[in-house]
Amino acid sequence: MRRTSVRTLLAVVLGVAVVGAVVGRALAAQGVHLPPVAWVEDVAILLLAVVIFWMGWAVRAYQKGDRPDLDPIRAARTFVLAKAGALTGAILAGRYLATVLGLLGDLDIAALRDRVLAAAVAALCALVLAVVGLVVERFCELPPPDDEDAEEGEGGAAPMSW
């Protein structure tokens, strides 16, 4: 599997933000408003980022030789979870940025100003999740094979793959 590119994540954030802002404005014109962002969403997103980082740290310790007993399946699952976390963070960041963009014209109303602030904080939390996902993907990256092993052919030790 390949690591997630930053360019892909930026495209997801921008695409979701633009489409979400347009849909949000269209719904607002019809009198339908999305509920405000609850603080528990921020906590849940950050908790997910912590869990992903903790799992990735175990893989990193294995890579450095500090933890010899890590199951390769767990390392592979950690990589997949990190990839999913990066993409989820990008999608959520776009969703919350759409709320911010949709309400920018109404900042003179105190209640909507509070919604913009809550959505902006949630967008930052989602960006933290995306960055943690990218970092943990890097933790799970296998080192390149040694030149000696590559020259030995089949007789040398094969590099471990997740």
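Q: What is the relative accessible area of R3?
A: This is a predicted model, in which local features need pLDDT of at least 70 and side-chain atom pairs count only at pLDDT 80 or more, while totals for chains, interfaces and linings use all residues. Residues are numbered from 1 along each chain as its sequence is written, and side-chain values use heavy atoms, with hydrogens and water left out. On a scale where buried means under 20% relative accessible area, exposed means over 50% and partly exposed lies in between (1.4 Å probe, protein chains only), R3 is partly exposed, with a value of 34%.

Q: Which residue forms a salt bridge with R3?
A: A salt bridge requires a side-chain nitrogen of Lys or Arg within 4 Å of a carboxyl oxygen of Asp or Glu, and a search of the whole structure finds one. Its closest N and O atoms are 2.6 Å apart, and the partner of R3 is E141.

Q: How many residues apart are E141 and R3?
A: Helices are DSSP runs (H or I, at least four residues), numbered from the N terminus. R3 belongs to the segment before helix 1, whereas E141 sits in the loop between helix 4 (110-139) and helix 5 (147-152). E141 is partly exposed, at 41% relative accessibility, and the pair links distant parts of the chain, the separation being 138 residues.

Q: At roughly what angle do the axes of helix 1 and helix 3 cross?
A: Two packed helices are described by the angle between their axes and the distance between the axes. Axes here are lines fitted to C-alpha atoms, for helices over the stretch in contact, with angles running from 0 to 180 degrees between N-to-C directions. The axes of helix 1 (residues 6-29) and helix 3 (residues 72-103) come within 7 Å, and their crossing angle is roughly 35°.

Q: How many nonpolar residues are in the contact of helix 2 with helix 4?
A: Helix 2 (residues 39-64) and helix 4 have axes that come within 9 Å and cross at roughly 15°, which makes the two helices roughly parallel, a class that takes angles under 35 degrees. Contact means heavy atoms within 4.5 Å, and the residues that meet include I52, F53 and W57 of helix 2 and V128, L129 and V132 of helix 4. Nonpolar covers Ala, Val, Leu, Ile, Met, Phe, Trp, Tyr, Cys and Pro, charged covers Asp, Glu, Lys and Arg, and polar covers the others, Gly among them. Beside two polar and two charged residues, the nonpolar count is 18.

Q: Are helix 3 and helix 4 roughly parallel or roughly antiparallel to each other?
A: Their axes come within 7 Å and cross at roughly 160°. The contact of helix 3 with helix 4 divides into 22 nonpolar, six polar and three charged residues. Since angles over 145 degrees count as roughly antiparallel, the arrangement of helix 3 and helix 4 is therefore roughly antiparallel.

Note on methods:
Angles under 35 degrees count as roughly parallel, over 145 as roughly antiparallel, 65 to 115 as roughly perpendicular and the rest as oblique.
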